[in-house]
Amino acid sequence: MTEIPFARLHAIAIAALLLGGCAVGPTYQRPSTPEPAAFKEAAPGWSPAQPADMLEKGPWWTLFGDPVLNQLASQVEVSNQNVAAAVASYAQARALVQAQRASLFPEVGLNTSADRSGGNDVPAESRYRLSIGGSWEPDIWGRLRAGVSAASAGAEASAADLAAARLSAQGELAINYFLVREADAQLALLATTIEGYQRVSTITQNRFNAGIVAKSDVLQAQTQLANAQGDQLSIARQRAQFENAIAILVGKSPSSFSLAAAPWTAAVPDIPVGVPSTLLERRPDIAAAERRVAAANQQIGIARSAYYPSIGLSGSYGTGGSKVGDLFSVSNALWSFGLSAAQSIFNAGATRASVAGAEAQHEVQVARYRQTVLAAFGDVENQLAAARILASQQVLRKQASDAADQVETQMLNRYKAGQVGYSEVVLAQASALSARRALVQVQADRQATAVALIQSIGGGWKVGQ
């Protein structure tokens, strides 16, 4: 660094005042992204996307009409540790903004000292000093303002990360809750089935004892009963895992948390036809990615400012004396004012490399932003397609289950009448159980898809938003 001669400092100071509004960073523009007029899987009437990520979305889980889910979801925001970490990160980002803003203002300090010295042949003497001084770096090239803007964009990205963490935890809790309720429904279904299998097994054993059927019929009945009991234990294990996952999501130890079995409300909220595609821009991950592009854009300006001189102002006022009373004497006052400027004239291309690095990082963030947007459109399309297909599939599963129930009843009656063998009864019962379980599965899949769709559009929806 080369110091500029004092004779030129006044000219530099005037230039600083004239250039105080100058900025070397590029003007920020939101990167362009492909925005389809409508989702191909959605009903007509969706409008083009507009930025709306800060709109209030409300407690979307209430759309499912389950009071237990409502209670659990409300605990996520205050108890989930991932959300707590995101809250702390947001507070840290806000503190960084305050620290960057402080650099725009002068720094003032107060210094006091007192000492006493002497020797064998020198009388002891006391000295007191009091001074106040300050320094300030005018933001001529906009470097400090760019730092504040970058920190502000980072804080906004952190706020979006917090919203994403909250939405992710709430969505994960809802899906795990529905999996618990699906397990409850499967267990209830198997309990009824096992009870029926036990009755059939008793009938078969009695018919064998009477010499009416072969031993193979008894063994088949026992095999079918044991398999159903094994499936019951497997589902109980899965339910325990889902229950433990919910405990962690609400910030509790799994050993101290339990969720009682309850009837399953397989409600699936319908997507309003008039929901605008503006909801896509409400995704917090898109908001976070865009804010990181803005922060990277400001970093280019910060890097470019190194091409220009660094200018500083400093001043101080102080007094000194051998007595405390002398500190307030005008004759002992001393003052100083200074203006300095420094400019790097050779650094082997380090500044140019720093600017190139900042520009490359900006391109990285632009690419990530565009990829996030594309992935978001893909998420919405996938969930809309899944919602449409699963709704049709549930109708077919219900028809299959009803038909399989009738076949099972007919085959059992015919077996009791000696018209068919037990193997045909086994096939009918296995088919009926499979159809019932498939119906329960598709109902659970529809609820999970509804949750995923809500997440993909950034939260709940409201007509007209």
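**Salt bridges, a helix and a surface patch**

User: At 32% relative accessibility, does D402 count as buried, exposed or partly exposed?

Analyst: This is a predicted model, in which local features need pLDDT of at least 70 and side-chain atom pairs count only at pLDDT 80 or more, while totals for chains, interfaces and linings use all residues. Residues are numbered from 1 along each chain as its sequence is written, and side-chain values use heavy atoms, with hydrogens and water left out. Buried means under 20% relative accessible area and exposed over 50%, with partly exposed in between (1.4 Å probe, protein chains only). Because its relative accessibility is 32%, D402 counts as partly exposed.

User: With which residue does D402 form a salt bridge?

Analyst: A salt bridge is a side-chain nitrogen of Lys or Arg within 4 Å of a carboxyl oxygen of Asp or Glu, and the closest N and O atoms of this pair are 2.9 Å apart. Both partners lie in helix α7 (residues 350-416), 4 residues apart, about one turn of the helix, where helices (H or I, at least four residues) and strands (E, at least two) are DSSP runs, numbered from the N terminus. An α-helix has 3.6 residues a turn, so residues three or four places apart point the same way. The partner of D402 is K398.

User: Which residue in helix α6 does E156 of helix α4 pair with?

Analyst: Among the 14 salt bridges of the structure, one has its closest N and O atoms 2.7 Å apart and involves E156. This pair links distant parts of the chain, 135 residues apart, from helix α4 (residues 143-209) to helix α6 (residues 284-304). E156 is partly exposed, because its relative accessible area is 42%, whereas its partner is buried and also forms a salt bridge with E290.

User: What relative accessibility does L110 have?

Analyst: L110 lies in strand β2, and together with V108, I132, Y317, W335 and F337 it forms a nonpolar patch on the surface. β2 (107-117) and β5 (333-343) each supply at least two residues of the patch. L110 counts as exposed because its relative accessibility is 61%.

Notes:
Patch = residues over 30% accessible without salt bridge, like charges linked within 9 Å, V, L, I, M, F, W, Y side chains within 5 Å. Areas by Shrake-Rupley, 256 points an atom, 1.4 Å probe, with all protein chains shown as cover.
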